[in-house]
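Hi everyone, thanks for coming. I'll walk you through one structure today, pockets to begin with and then some aromatic rings. Have a look at it while I talk.

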Amino acid sequence: MANPEVPDVAQGLIFIHKIISRGLTVAIDYGGIYQNNGFPDEPLWKGYLDYVRTLGIVLHSHHLAEDELAFPRLREKMPEVPYELLSSGHRTIAGAIDEINAALEMATKLEKRLDSLDKMDKALW
């Protein structure tokens, strides 16, 4: 029987991956809609940018926690897992986050909004 006061790490990892995947789907889907139809108003534009910015922060923090905390502990119990491959994927995604941040900076210029959406879309995929 599991101790209810001890967190289930595996379930926690599955849960955060679902949250991040959902966040990416929302950012991509709405980015495409806004790219095709424009933004209805300024608050929605700013809200979308905040959403994407926050998603990048969550993704970076999650990968940092896996690489620095989870993987070293899990390596002791499950040495067969390809941790270096996983960490390599994290480094690739870090490059995409850098691209997203550059697009967010570009998005502050009114005339560059559509260009910034295109850049974000490419980085999110």
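Before the pockets, a definition: on a 1 Å grid over the protein atoms alone, a pocket is an open set of points where a 1.4 Å probe fits, with protein on both sides within 12 Å along at least five of seven lines, and its lining residues have an atom within 4 Å of a point. Grid points are joined across faces, edges and corners, and the volume is the space filled by probe spheres set on those points.

Also, this is a predicted model, so local features need pLDDT of at least 70 and side-chain atom pairs count only at pLDDT 80 or more, while totals for chains, interfaces and linings use all residues. Residues are numbered from 1 along each chain as its sequence is written, and side-chain values use heavy atoms, with hydrogens and water left out.

Okay, the second largest pocket comes in at about 210 Å³. It has 14 lining residues, and L13, E66, F71, L74 and L86 are the closest to its centre. Helices here are DSSP runs of H or I, at least four residues, numbered from the N terminus. Three of them, α1, α2 and α3, each give at least two residues to that lining. By class, we get ten nonpolar, three polar and one charged; nonpolar is Ala, Val, Leu, Ile, Met, Phe, Trp, Tyr, Cys and Pro, charged is Asp, Glu, Lys and Arg, and the others, Gly among them, are polar.

The largest pocket has a volume of about 280 Å³. Its lining includes V9, H62 and K77, and α2 provides the largest share, eight residues. Seven of the lining residues are nonpolar, one is polar and three are charged.

Now, the rings. Which residues make up the aromatic cluster? That would be Y30, Y34, F39, W45 and Y48. Rings of Phe, Tyr and Trp (its six-membered ring) pair if their centres lie within 6.5 Å; planes under 30 degrees apart are stacked, over 60 edge-to-face, and the rest tilted. There are six aromatic pairs in the structure. One of them, F39 with W45, is edge-to-face, at 4.3 Å between centres and 75° between planes. F39 also pairs with Y48: their centres are 6.0 Å apart and their planes at 50°, so that pair is tilted.

Are F39 and W45 buried or exposed? Both are buried, meaning under 20% relative accessible area, where exposed is over 50% and partly exposed is in between (1.4 Å probe, protein chains only). Y48 is buried too, at 6%.
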